[in-house]
Amino acid sequence: MKIMLTSAALALSVLAAPAVAQDIVDVSKVNKDLIATKDGKEYSIATVVKVDGIAWFDRMRDGITQFQKDTGHDVWMVGPSQADAAAQVQLIENLIAQGVDAICVVPFSVEAVEPVLKKARDRGIVVITHEASNIQNTDFDLEAFDNLAYGANLMKELAKSMGEKGKYVATVGSLTSKSQMEWIEGAVAYQKEHYPEMSLVGDRLETADDAAIDYTKLKEAMTTYPDITGILGAPMPTSAGAGRLIAESGLKDKVFFAGTGLPSVAGEYLQNGDIQYIQFWDPAVAGYAMNMLAVAALEGKKDEIKPGLNLGLAGYEELTAPDAANPHLLYGAGWVGVTKDNMADYDF
């Protein structure tokens, strides 16, 4: 555990100052009391993501970097170069050996990280997770929203484009990516209830959060099922893989897309009408929020981390706990929907 060289008041004073141009997380209303530290402590907090080097987690790193600047804590982000559960586990093992104070994790596979996160917690390391609603070995899991509702909204948009009829295919990064699986479950359940003339074909395609794999697997699926007219994408890269496939295959206005995406990744395809709708939450804010919970837990404020807590961050103004049996699972309300009409409002 580290001792801070400067006072907590000095570190937190940055939060009270006007945001500089490079700040991307609005901290004008941030809950400073939650992350105030006693005795001038500085904590070491690592965030371990599914895969480093893609736009989604580049954006998350920006939020974590801002948290470091705003608070003075020693925080950073790491991730494997490819989406690989074993590689992510090894990174966590390394952090345990380093003796970090807290680890924030966006698991590629919840099942794979359970044992190593138990090991971390047994050694007194605080664990905060994200996109892992079924995880057991965590102090708190912070979800950006209700996963089933997120998926249902994706289905509403896809159905609108498809005229509420036809066949569609669905992608996930991994069958063990709990949140993504829940998005698809929510979407399919909503479709069955509201759009009886639509149907999911084939199994969920595992794409390892890689746009090239999305492209290849979607192309194979459309060869097998040539009457597919919809693509439902849980992983962010599917927006690019699907957009490329639709554009190159001349399927514009014949095959439609709704799924997780970022304007920086899918903007070209949105603008050209190859895909119609992307949905996302700001990973920079999620990264900032996870680190806030880590500091609060390290400061002995776990009792304050409960339904109704306002982090003072967009989408996390009033946390909820949807499962009374699991009060450590907390939800925000942080998704946004983007089409070509409003994509210019988002610069990432």
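1. The lining of the largest pocket in this predicted model comprises 11 nonpolar, 4 polar and 6 charged residues. The space in this pocket is about 330 Å³. It is lined by 21 residues, and those closest to its centre are Ile24, Asp282, Val285, Ala314 and Gly315.

2. The second largest pocket holds about 180 Å³ of space. Among its 14 lining residues, Ile54, Ala208, Asp209, Asp210 and Ala211 lie closest to the centre. By class, this lining splits into 10 nonpolar, 2 polar and 2 charged residues.

3. How many cavities of 30 Å³ or more are there? The count is 2. The largest cavity contains about 100 Å³ of space. Its lining is made up of 14 residues, with Trp56, Glu131, Gln180, Asp209 and Met236 closest to the centre. Two elements give two or more residues each to this lining: helix H3 (55–71) and helix H7 (178–194). The classes here are 9 nonpolar, 2 polar and 3 charged.

4. Asp209 deserves a look in the viewer.

5. Next, strand E4, which spans residues 126–129. Are its residues buried or exposed? Val126 and Ile128 on one side are buried, and so are Val127 and Thr129 on the other, which leaves both faces of E4 covered. In a regular strand, side chains alternate between the two faces of the sheet.

6. Strand E4 has a parallel partner in strand E3 (residues 102–105), and 4 bridges join the two. Within this pairing, Cys104 stands opposite Ile128 of E4. Between E3 and E4 the chain passes through helix H5 (residues 110–122), making a β-α-β crossover that is right-handed.

7. Strand E4 also pairs with strand E5 (residues 140–143), again in the parallel sense, over 2 bridges. Here Ile128 stands opposite Phe140 of E5.

How values were computed. Residues are numbered from 1 along each chain as its sequence is written. This is a predicted model: local features need pLDDT of at least 70, side-chain atom pairs count only at pLDDT 80 or more; totals for chains, interfaces and linings use all residues. Side-chain values use heavy atoms; hydrogens and water are left out. Buried means under 20% relative accessible area, exposed over 50%, partly exposed in between (1.4 Å probe, protein chains only). Two strands pair if DSSP finds at least two bridges between them. A crossover is right-handed if, with the strands pointing away from the viewer, the path from the first strand over the helix to the second runs clockwise. On a 1 Å grid over the protein atoms alone, a cavity is a set of points where a 1.4 Å probe fits but cannot get out, and a pocket is an open set with protein on both sides within 12 Å along at least five of seven lines; lining residues have an atom within 4 Å of a point. Grid points are joined across faces, edges and corners, and a volume is the space filled by probe spheres set on the points. Ala, Val, Leu, Ile, Met, Phe, Trp, Tyr, Cys and Pro count as nonpolar, Asp, Glu, Lys and Arg as charged, and the others, Gly among them, as polar.
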